[in-house]
Amino acid sequence: MSVNITQNHYAAIAKAVAALHSAIFSHHFCALLQHIVAFDEAVIVGYKEAKRPIYLYDSINQSRELLFQRYLTDAFLHDPFYLAIQQASAGGVYTLKEVSGSLADYKSYRREFYAHTAWHDELCLSVKLDQSRWVAVYIGRTQTPHFTANDINGLTAGFELLSSLCHQQWAHAPFSLPDAPIERLEVRQLIAHALTSIGSQVLTKREQQITALLVQGLDSKEISWQLGIGIGTVKNHRKKIYEKLNVSSLSELFQFFLSYLIVAD
């Protein structure tokens, strides 16, 4: 099946391409998705092997706290989509029925998850970036009818384009600061400013770089890869950062950053 390409569809593709590597890419990516299949809400999550999911974007209108307080904390471990993605050798389009182990599992997930989120149907677009990292785009319906075979076929037909856009956005950089919806850009800009200015009075430029990456969840190995320096060098910088900021652990560094963010001008 081929996707019915319209002038608006081409315009949506152009906007998504133009927004690559910017704070509004995910917004335009989801707008492009809407030209392929209609949905009410979307969530984009980054997965790294054996690590907690990393929030990248959402357009949820209600009960957003469930995403942070439940799913990203531990509920993801029981998500049939997450389990299917971990086992898959390649990306693709998933339906809940496909990834549920049995009818009982399918009904249980709908009862436990959908009852709290108001979603009544869901599709997952999984893109494998490399051997240990994936991006998952979840789209849900709260008002419109269930997804149809035509919806699934359309999304499958557009998968190559959508996968390519995800690769361009996330394959060559660690998951870090989330993409912000248009209406939340002011908050994102505040966070971005805090990341670039934290400890500016006492830290060197390199130490500021490493501090910003640490509070975004990157470990020493990932920082080493991103900055092109040795892991030992990263650890030495980390020790000096702790000393200069008077913190003794990563959790204290997070607390320091949150405090700085709250009072930052």
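These legends describe one predicted protein model, view by view. Local features need pLDDT of at least 70, side-chain atom pairs count only at pLDDT 80 or more, and totals for chains, interfaces and linings use all residues. Residues are numbered from 1 along each chain as its sequence is written, and side-chain values use heavy atoms, with hydrogens and water left out.

View 1. Helices (H or I, at least four residues) and strands (E, at least two) are DSSP runs, numbered from the N terminus. Along the principal axes, the C-alpha atoms fill a box of roughly 60 × 45 × 35 Å. Of the 265 residues, 48% are buried. Buried means under 20% relative accessible area, exposed over 50%, and partly exposed in between (1.4 Å probe, protein chains only).

**View 2. The chain is divided into two domains, domain 1 (7-171) and domain 2 (183-262).** The bounds come from an automatic or database domain assignment. Taken over C-alpha atoms, the domain centres are 30 Å apart.

**View 3. Helix α8 covers residues 159-170.** At 1.5 Å a residue, its twelve residues should span 16 Å, and its end C-alpha atoms are 16 Å apart, which agrees. The expected span is 1.5 Å times one less than the number of residues. Phe159, Leu162, Ser163, Leu165, Cys166, Gln169 and Trp170 are buried.

**View 4. Helix α10 (residues 205-215) is mostly covered.** Eight of its eleven residues are buried. Among them are Glu207, Gln208, Ile210 and Thr211. Ala212, Leu213, Leu214 and Val215 are buried too. Just after α10, Gly217 takes a positive phi of about 100°.

**View 5. Ile231 is found in helix α12 (residues 231-245).** At 36% relative accessibility, Ile231 counts as partly exposed. Not counting residues up to four places away in sequence, Ile231 touches Ser220, Lys221 and Ser224. Contact means heavy atoms within 4.5 Å. Ile85 lies 146 residues from Ile231 along the chain, and their C-alpha atoms are separated by 30 Å.
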